[in-house]
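Please read it alongside the sequence and coordinates.

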Amino acid sequence: MLQLKSVSKRYKTGDLALKNVTLEIPDGQVLALIGPSGAGKSTLIRCINRLVDPTEGSITLGDLEISSLSSWALRKARRRMGMIFQEYALVERLTVMENVLSGRLGYVGFWQSWFRRFPAKDIKEAYRLLDRVGLAHMADKRADELSGGQRQRVGIARALIQDPALLLVDEPTASLDPKTSRQIMRLICELCDERKLSAIINIHDVLLAQMFAKRVVGLQLGEIVYDGPPDGLGPDVLTQIYGEEDWEATIRKVEDEDEEGAEEAALS
Amino acid sequence: MTDIQNQTEYPGKWKRPPLIKRGWLRWSLWIGAAIYLSLALGTMDINWGRVAEGLPRGQKFIAAFFPPDFTSRWESILDGILESIWMTVIATVAGIALSVPVGLGAARNLAPLPVYLICRSIVAISRTFPEIILAIFAVKLFGFGPFAGFLALSIATVGFFAKLLAEDIENMDPVQAEAIKSTGASWLQWINYAVQPQVMPRMIGLSMYRLDINFRESAVVGIVGGGGIGATLLTAFDRYEFDSAAAILIVIIVIVIGLEYLSGYLRRWVQ
């Protein structure tokens, strides 16, 4: 269970990125966080693993109060939170294997990681995960030789090898084509289901959010303006989140694409 | 659509806006620069008579270089070259080893402000003094010989290498760094997995480049007493053995060209 209690973040520039956000995510729930650019989605998930320090409020994962940890305890807490990034964020000059194993850095000592002598258990798990995301033959390739979709799969493997309780996913599909986007979203959701992980997925594609998440939270200017099931996203709610626009087309398209998605799943 | 196009007359000419928008400022800068240059040229006071005298003397000087004499002083040339080479290699390695912590500290995105300021000042100080000044200091402090040269070259290497390392770190991709941080990596692991892979190819190239510079500077450093081939060269000039000096210069040129070729090759290889 992840709990956010009146979390606010004010950047040094004075911008208030989050206003009094309160949110509760039970174990095993996949939540889509939607909202326009600059609504504070990235800030929100970065507050949870403290890549950004919240200004006010408390965040607890299980019974661990994350917002007040020392830097050593924070390292240990971060191991339980896997993060997946928009531009994949693989270290480009390292091999695929090193990128996946870097997910274990929180568990091994410095010299072990320096000499790339990870425990056999970790290496086995890395191969298993690479196989699970369909990249077992790519282990020794350099990360910058992969395509966008493949890189994101490596990113997913890196997050999962941390053995996390929670996935923080920041715009996983923003740099991918529509088909790959769906495959990646499906993969993330399947893996969460397999491992009973909870996940927060930032996504600005409303359609994808509706297709894959059980719960949608709408963020606008740092405030939660919608929290409910995906089919509750009517034109008035979308207008409230994103502003005035003709939403009928978007909503109608969802049903069409749902079928398409089902076909695709049947094919693959 | 067509209505709008007919209504508005668009200009057919366009000029790039000038860098300095105010016309008077732009022109006065040009005129000021022209006046200064002509005045400066006027003060130089070239004595054409002496230039005319110097030219034939230069011819004789160059003629004395030929043929270069490799044999009669070969042993001291070889000693000097070997001394220069080991001085260069040790100074480069020591300088780079010192540069790594200073460079990490001088990168604003890694270091807290006090550390940053200290490391930046170390870089600034060692960059203020050219190798030859550092060598003069070192010779005064520790006496003649290659140790002074080694010291001067190492310090100069820190100024050069730490600055470029810090700048490269500041330009790294922050998202890759964030990703490693979010796995729960310690600071050292973070440097090893997120920062080092991003800066390594350029650092290898720069090390080779610095080796090249240090060898050339080792000749200069030798002239003020820092040992190595520079000292041999100076002795040759002092004894008016211009043919031996020519041999030394040729050896230096060959080694510099060889190093340059090698460093170019290595840099292409690591990219």
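## The antiparallel sheet of chain A

Strand E1 of chain A and strand E4 of chain A (residues 56-61) pair in the antiparallel sense over 5 bridges, where two strands pair if DSSP finds at least two bridges between them, and where helices (H or I, at least four residues) and strands (E, at least two) are DSSP runs numbered from the N terminus. Within this pairing, A:Gln3 stands opposite A:Thr60 of E4(A). This is a predicted model, in which local features need pLDDT of at least 70 and side-chain atom pairs count only at pLDDT 80 or more, while totals for chains, interfaces and linings use all residues. Residues are numbered from 1 along each chain as its sequence is written, and chains are lettered from A and ligands numbered from 1 in the order in which they are written.

E1(A), which covers residues 2-10, also pairs in the antiparallel sense with strand E2 of chain A (residues 16-25), here over 6 bridges. A:Leu2 stands opposite A:Ile25 in E2(A), and A:Lys9 stands opposite A:Leu18 in E2(A). The hairpin of E1(A) and E2(A) has 5 residues between the strands, and A:Gly14 takes a positive phi near 100 degrees there. These pairings belong to an open sheet of 4 strands in chain A, with the order E2-E1-E4-E5 and antiparallel pairing. At its edges stand E2 and strand E5 (64-65) of chain A, each of which pairs on one side only. Helix H1 of chain A (residues 41-48) packs on this sheet, touching E1, E2 and E4 of chain A, and its direction makes about 60 degrees with that of E2(A); contact requires that the C-beta atoms of two residues, placed from the backbone, lie within 7 Å, and axes are lines fitted to C-alpha atoms (for helices over the stretch in contact), with angles running from 0 to 180 degrees between N-to-C directions.

## The mixed sheet of chain A

A further open sheet in chain A is formed by 6 strands in the order E6-E7-E8-E3-E9-E10, with mixed pairing. Strand E6 (81-84) and strand E10 (223-228) of chain A stand at the edges with a single partner strand each, so one side of each is left without a neighbour in the sheet. From one strand to the next, the twist averages 20 degrees.

Strand E3 (residues 30-34) and strand E8 (residues 198-202) of chain A pair in the parallel sense over 4 bridges, and the bridge partner of A:Val30 in E8(A) is A:Ala199. Helix H9 of chain A (residues 235-242) packs on the sheet and touches E3, strand E9 (215-220) and E10 of chain A, its direction making about 155 degrees with that of E10(A).

## Overall form of the two chains

Chain A has 10 helices and 10 strands, whereas chain B has 11 helices and 0 strands. For the 268 residues of chain A, a compact globule would have a radius of gyration near 18 Å, and the 19 Å of chain A agrees with this; the radius is taken over C-alpha atoms, and the globule rule is 2.2 Å times the number of residues to the power 0.38. The C-alpha atoms of chain A fill a box of roughly 55 × 50 × 30 Å along the principal axes. Of its residues, 42% count as buried, which requires 20 or more other C-beta atoms within 10 Å of a residue's own, with C-beta atoms placed from the backbone (12 or fewer is exposed, and partly exposed lies in between).

For chain B, a compact globule of 271 residues would have a radius of gyration near 18 Å, but the chain has 27 Å. Its C-alpha atoms fill a box of roughly 90 × 65 × 35 Å along the principal axes, and 35% of the residues in chain B are buried. The domain assignment of chain B gives domain 1 (23-62) and domain 2 (68-270), with bounds that come from an automatic or database domain assignment. The centres of these two domains of chain B, taken over C-alpha atoms, are separated by 35 Å.

## The contact between the chains

The contact takes 21 residues from chain A and 18 residues from chain B. On the side of chain B that touches chain A, the elements giving two or more residues are helix H8 (174-181) and helix H9 (187-226) of chain B, and the largest share, 7 residues, comes from H9(B). The residues of that side divide into 8 nonpolar, 8 polar and 2 charged, where Ala, Val, Leu, Ile, Met, Phe, Trp, Tyr, Cys and Pro count as nonpolar, Asp, Glu, Lys and Arg as charged, and the others, Gly among them, as polar.
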